[in-house]
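User: I want to learn how to read a sheet and a disulfide in a model. Please take me through them.

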Amino acid sequence: QVQLVESGGGLVQAGGSLRLSCTVSRGIFSITSMGWYRQAPGKQRELVALITSGGTTNYAESAKGRFTISRDNAKNTVNLEMNSLKPEDTAVYYCKVVVALKYDYWGQGTQVTVSS
């Protein structure tokens, strides 16, 4: 059984920083990518940052220059360092793992709230 556990969300003032972490349970093979998505109230879920098994990264335009995604393959952990946070970053952030270009596994989500 695959489980993803997120941590690191919370309340922060604009301009502050947070570091999100997502740990995937052991026993997963052929991980294509690991990434972070977010969903704000009344909006669709969107990609924030993605990192492939080969280390290639992809960021939402709004995240470029402020967020950094990284992965610890040995620990099956993906991190998202978020700096210079803005109120518009407020959302529930979800970790996702894609296996073999076919299977998606999602975490429960962690709330990030940025006050102005």
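Analyst: Start with a definition: a disulfide is a pair of cysteine sulfur atoms within 2.5 Å. In general, a disulfide is a covalent bond between the sulfur atoms of two cysteines. This model is predicted: local features need pLDDT of at least 70, side-chain atom pairs count only at pLDDT 80 or more, and totals for chains, interfaces and linings use all residues. Residues are numbered from 1 along each chain as its sequence is written, and side-chain values use heavy atoms, with hydrogens and water left out.

User: How many disulfides does the structure hold?

Analyst: The structure holds 1. C22 is joined to C95, S to S 2.1 Å. The link of C22 and C95 is left-handed, with -85° about the S-S bond. C22 lies in strand β3 (residues 18–24) and C95 in strand β9 (residues 91–99), so the pair ties together parts 73 residues apart in sequence. Strands here are DSSP runs (E, at least two residues), numbered from the N terminus.

User: Are C22 and C95 buried or exposed?

Analyst: Buried means under 20% relative accessible area, exposed over 50%, partly exposed in between (1.4 Å probe, protein chains only). Both C22 and C95 are buried.

User: What is the strand order in the open sheet of 4 strands?

Analyst: Two strands pair if DSSP finds at least two bridges between them. The order is β1-β3-β8-β7, with antiparallel pairing. β1 (4–7) and β7 (67–72) are at the edges with a single partner strand each, so one side of each lacks a neighbour in the sheet.

User: How many bridges join β7 to β8?

Analyst: There are 6, and β8 covers residues 77–82. D72 stands opposite T77 in β8.
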